[in-house]
Amino acid sequence: AQGGRSFETTEEIRQNAMAAYGAQNRAVTREDYIGRLYTMPGRYGSIAKGYIVQDYQLTSYSAEAEEEANPLALNLYVLSYDRNKKLTATGEATKQNIKQYLSQYRLMTDAINIKDGFIINYGINFEIIVIPSYNSNEVLLKAIDSLKTKFATDRVQFNEPIIISEIYTTLASIEGIQSVTNVALVNKVGGDYSDNGYNIEGATINKVLYPSMDPSVFEIKYPDLDIVGRLATY
């Protein structure tokens, strides 16, 4: 099963209601299209993540060709959940339903190209020092649970960077942790993970992991396996 999603959170309902009201039954801005996308009736299918950008086209087919913005077309990148609530490509039937649904609201000059977004799977490895009077294993489990919550798939969006310093802050705020000695992000690729390899080291600048140029979403696919904590010693 694919093309579904979980119930909307209170914050998602608030944001979608504001977007729908502002759109006034037509889609002009990119935000209008995304707002309409998330309010599509469930019988047509649903998407988990959506992102829209201006389409680009080649100025010619020569070796010196350059890309320029196409004012008459938009590229809509989408991702869905599978039955285990992991990100996956959206089915063709759902894509056709999206195109049909949005055609009621789009401007006559706007063509919409629906494409699959890219999934970048990764894991978090960290080391902490626990205050001696605390139970080390309990503190370690709390640390892992806090990162599961912070980086849950529901909470991430297209082209959202990962601020590594926030991981340090999240871990340091847990009672019983004396210090965080190391945090490392690792790419998970192939097998049960996405086939999209990513150079995490090369894309990290000043402790910020930046997304690719292509619309993509960072996902911790298996939190129980991909978030690994260790107890460091003095």
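Modeller: Two packed helices are described by the angle between their axes and the distance between the axes. In this predicted model, helix H4 (residues 136-150) and helix H5 (residues 164-172) pack at about 135° with their axes 9 Å apart, where axes are lines fitted to C-alpha atoms, for helices over the stretch in contact, and angles run from 0 to 180 degrees between N-to-C directions. Helices (H or I, at least four residues) and strands (E, at least two) are DSSP runs, numbered from the N terminus. Residues are numbered from 1 along each chain as its sequence is written.

Biologist: Which residues of H4 and H5 meet?

Modeller: Ala 143, Ser 146, Leu 147 and Lys 150 in H4 meet Glu 166, Ile 167, Thr 170 and Leu 171 in H5, contact being heavy atoms within 4.5 Å.

Biologist: In what order do the strands of the open sheet lie?

Modeller: Strands of a sheet pair through backbone hydrogen bonds, either parallel or antiparallel. Here 3 strands, in the order E7-E10-E9, form an open sheet with antiparallel pairing, and strands E7 (162-163) and E9 (204-205) are its edges, each pairing on one side only. E7 and E10 (residues 208-209) pair over 2 bridges, a pair requiring at least two bridges found by DSSP, and Ile 162 stands opposite Leu 209 in E10.

Definitions and conventions
Predicted model: local features only at pLDDT ≥ 70, side-chain atom pairs only at ≥ 80, totals over all residues. Heavy atoms only, no water.
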